[in-house]
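Visitor: Can you walk me through this one? I would like to know what I am looking at.

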Amino acid sequence: MKALWVLIKAQFKNKKSNYISIFFIALLIGLLLSLSVSMIVNVNNTATDAAKASNIGDYFMMFVVNYVPTDEDFENLNQMEEIKSIRVPEKVRVIGEYGNINKKDNEKISLEKDPAFYAYRSDFMPFRILSEDKKSYLPPDQVKAPEKGEAYVPISFIAQFGVEIGDTYHLKTAEEDFKFKISGLVEDLTQTNMISIGEHNIYLNESDFNLLKQVSKKNPEQFHFNYMVYFDVNEEFETVPMNEMFKRVQEKTGLRDKAIFSGTDDLLIFFASIISYIIIFAILIFIIIMFIASLLISNFSVASSIEEEYKNIGVLKAIGLKNRSFNLVYIFSYISAMILGFVVGLLLSIPLYNMVTPYLFDVTSMLATNQIVILPTLIGFLIFVLIMLVFLLIQLRKIGKIVPAKALREGKQANYSSSGVKIKLSKPVLNLKLSIKQFTSSAKSYIGSTFVVAFLFFFVLVSLSLTTVMTPDRMMTEFWGFDWDLITIYDSHEEYEENNQQIRKIIEEDVEINDSYLVYQLPISTLDQNVGAFILEEKDMDQMTSILAGRAPQDDAEVAITKILADNAQIQIGDSIEVKYNDNTADFVVTGLFQTINQAGQAVTFADSVIEKLAISDKNLYIQEYYIIDNQDKGKDIAKNINEQLPDIEVQNVVEMWESYGLMAAGFDYLAVLILVLSIVFAIISSFILAEKIFSKEEADFGVLKAIGIKVSSIRRIFSLRFILIGLLGLILGFLLFLFTGNSILSNMSLLLGLSQIRVILPKSLVIITSLLLVFAFWLIAHFVSRKVKKLDVRNLINEI
Amino acid sequence: MKGRLVLKEKILTVNNLQKIYESGDVKNHVIEDFNLDIYKNDFTVIMGPSGSGKSTLLYCLGAMESITDGEIIFENKDISKLKNNDLSELRLNKFGFIFQQIHLVSNLNLFENVALPGLAGPNRTNDAVYETAKNLLARFGIGDAAARLPSQVSGGEQQRAAIARALINQPTIIFADEPTGALNQNNSQIVMDLFSELNNSGQTIVLVTHDKKAALRANRIVYIIDGSIVSELKLEPYQASNLKEREETVNDWLVSMEW
């Protein structure tokens, strides 16, 4: 035991720099792991607490604009054995007027979505209210509804519009004028920064809300009265999947037919936490990269240490030390350096997390606790330690192979594992040939680094391709399903006939209309679930831009369905599916598979002859006219012009739609830049480690080359050229990895959005620049490391002193 | 030849050479105020006790190590003042160096090791270099081992390849640091025979050794202690026939040096 301790102390003393590197990397891993795990757990817990505190229950539903559920609907819901309790808050949604925030300093900020007003009831759905110092939530006994003339707005308004208590929410329509002083900020899971259900929720005093209800009776076109439904399920049905639950709701009440969006508390919690997931994804990549670095260092230093101590190990073995003793020495010293670094990192994360928490509030609109989450962090670290252990044991097998007599006789282990590729040394490019020879002679030493470059480049490619996914044009053509720049939405055919010519004129005042076509939309049942149906005129079927397989439907016997639906129900092109609308049922042949971000991918498309076939009533159809204009950027102004002249018509434009996805898109962009920077930094670190190790291993050879008269510049070139080879090999491997897995990784990520396939587009110039930068970084560092050839005398290099 | 005055051509002159190793605050004066001339065609052996600075002196003379002070004049130039590239030129074309630990590049075979310095120069064609390398290997009796890696041949064969490498560019001087130090008796004999043969054909050699047998090959032995010359012995050129007499002379001289 004493002998082991002596050897361990010698290890720490002689390999100080290795252990310091491992210590600092483990410190960083501990710090980042603790921060990211704490962030994800705390944000998720806070979102779960928010769901519980506000009593949103297990499921929620919203209804189509022209359907207001009845008492009978609610009674039917209540009667379901699956449902434990329902809560049905009333709401008034104002169409076509967003309202403003009037700041205390008279600045006016326009909101970007229709407002939906609710009465705040602390006994019913008590959304948590932020305390005045924004550091906690008000205790339940202090929670009360706003006073008359006051309003509560979501916490996300702070980050989005800079709202403060005392500002005023002002809604002015042609006939009405409402002003509410903002007296509280509520935590509303449907209103976090990243998502919104398409409305801005404003919570009022009950009497103010009743006033709005009265206005909605007078002016139902603009002030839509409706309900939200939240319900809990009985314990024995908690495991029923979401789709199955809504299927049961539909079968037992018919209500789901009228719902336009629905989901579970888990879905809300997921979306409320999504920004932290994105941040953590970036941090996780960094942690993995750091971990690979520590593996690389330990692998190198163990290997080089065994090489350097080759003779000594032989001597120690000769005097009776067992392989197990050496293993213990190496494992103890590396793992203890790692654990020590991790513990320090964990401790440092405590004050740092406190500093990060306020920023977390800005991005999540929730007050996550500032406590470090220890146990999951420890489990994460334990996994890293175990992987490290496996790698150490693999390296340590070399000790078992050392034969004492041979070690004592030879004194030094060979630098190269083979004589390398058979290449004739000759002029010209003698340096390159020598470099290739040395590279291939110890190819094993470079495998790790080549894989590191490959993984780095793979991450870079994934992140760069993400930046090309979230662009307005691709959103429409590939993800929406139909191309458009502007959409006008009509409640009926009459309204369309009455207004569409005028709208066309308004549009043509600013831009040319390249194309326009009608799309009808309604909920429909097929494959045991409710889906959104798009109906296009037969002549416009070529507007389906996201067909993944097959073709668009052409007549009343055909249908195209999303790939997600097809995969779930195992439907193939050519199969027949039954479609139900009210009491009418008909079979359709599936002619094509497409994708759409609409209805979270639960959608089908028909030709317009289906309207007759299923006897679809005109009043149940949303009629939308899609316009493709020659200047997309003017869409926002045109929408405003239409709204001013025709306030009853709802207009959507792609620019604003894009802006609503903007934060996520910007998130992807930042993520890409972050990964890019990390990759370059890591390329520098890993190439430095590698170059240092390889150089010290082959130092004597460079001394020999210098001794026989090879110029310093040539020697440095011989050394650094091989790092270009490592870089290039890594890039090729990374690219192949991306080629084979990139599409499916991105497509799996896209399933979250309801898409089944993302076409990967790589920004060529960025990829080329990144590749060049990575290779250049590798070469430059190697060149820098080889400066010793210049500085040291031959005698120092060949260690003959 | 005896009694006839032969004017020898000085090809390397060392003036007031000083070499100090510094380690922190500690200064180790290895060579102090050292002066020496090396003559063309001479076989000069430098001897001395361990730590006397003889290897350091050889590395300094061979342009392998920088000096602290003084000058080393070769072809009218102070080589201690040369820049890296000029030093490389010097090592490539004018000096050949042979190490005690041989130092062949382990992933190159013997032929490649020998040819490498020839290929590194700009003036010779690939074929000319290959031809010279082949001839040298054959001359030194290792032609059959040309395609083998250093690890696949004996120490003696490795050292012969190292000598061939030193000769590939027909250097003016060959410096050898204990070239038999890592070899067995038989291989030492072969290597030293090679040095004698080279010297007989006009090659200037400066050799550092501990080995009295190796020293017998010289026509001039310089004995140094603490970095300074304490004595010098001049001998007739080596002939295998007068070995006994030569051995006695060298032995007596070394005894007087308290060897």
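Guide: We can go through chain B and then a helix of chain A.

Visitor: Anything to know before we start?

Guide: This is a predicted model, in which local features need pLDDT of at least 70, side-chain atom pairs count only at pLDDT 80 or more, and totals for chains, interfaces and linings use all residues. Residues are numbered from 1 along each chain as its sequence is written, while chains are lettered from A and ligands numbered from 1 in the order in which they are written.

Visitor: How many helices and strands does chain B have?

Guide: Chain B has eight helices and 10 strands. Helices (H or I, at least four residues) and strands (E, at least two) are DSSP runs, numbered from the N terminus.

Visitor: What is the strand order in the sheet of six?

Guide: The order is 6-7-8-3-9-10, in an open sheet with mixed pairing. Two strands pair if DSSP finds at least two bridges between them.

Visitor: Which strands stand at the edges?

Guide: Strand 6 (95–98) and strand 10 (228–234) of chain B do; each has a single partner strand, so one side of each is left without a neighbour in the sheet. Neighbouring strands of this sheet are turned by 15° against each other on average, direction ignored.

Visitor: How many bridges join strand 6 to strand 7 of chain B?

Guide: Four, and the two strands run parallel. B:Phe95 has B:Ile173 in strand 7 of chain B as its bridge partner.

Visitor: And the sheet of four strands, what is its order?

Guide: In chain B the order is 2-1-4-5, an open sheet with antiparallel pairing. Its edge strands are strand 2 (26–39) and strand 5 (77–78) of chain B, each pairing on one side only. Strand 4 (residues 69–74) and strand 5 of chain B share two bridges, and B:Ile73 stands opposite B:Asp78 in strand 5.

Visitor: Switching to helix 1 of chain B: how many of its residues are buried?

Guide: Eight of the eight residues, so helix 1 of chain B is largely enclosed by the rest of the structure. A residue is buried if 20 or more other C-beta atoms lie within 10 Å of its own, exposed if 12 or fewer, and partly exposed in between, with C-beta atoms placed from the backbone.

Visitor: Which strands of the sheet of four does helix 1 lie across?

Guide: Helix 1 of chain B lies across strand 1 (10–23), strand 2 and strand 4 of chain B, at about 120° to strand 1. After helix 1 of chain B comes B:Ala63, whose phi is positive, near 65°.

Visitor: How do helix 5 and helix 6 of chain B cross?

Guide: The axes of helix 5 (residues 155–167) and helix 6 (residues 185–200) of chain B come within 9 Å and cross at roughly 15°. Axes are lines fitted to C-alpha atoms, for helices over the stretch in contact, and angles run from 0 to 180 degrees between N-to-C directions.

Visitor: Is B:Asn184 buried or exposed?

Guide: B:Asn184 counts as exposed, because it has 11 C-beta neighbours inside 10 Å. B:Asn184 lies in the loop between strand 7 and helix 6 of chain B. B:Asn184 and B:Gly155 are 29 residues apart in sequence and 8.3 Å apart in space, C-alpha to C-alpha.

Visitor: Last one, chain A. Which residues of helix 10 are buried?

Guide: Among them are A:Thr377, A:Phe381, A:Phe384 and A:Met388 in helix 10 of chain A.

Notes
Contact = placed C-beta atoms within 7 Å.
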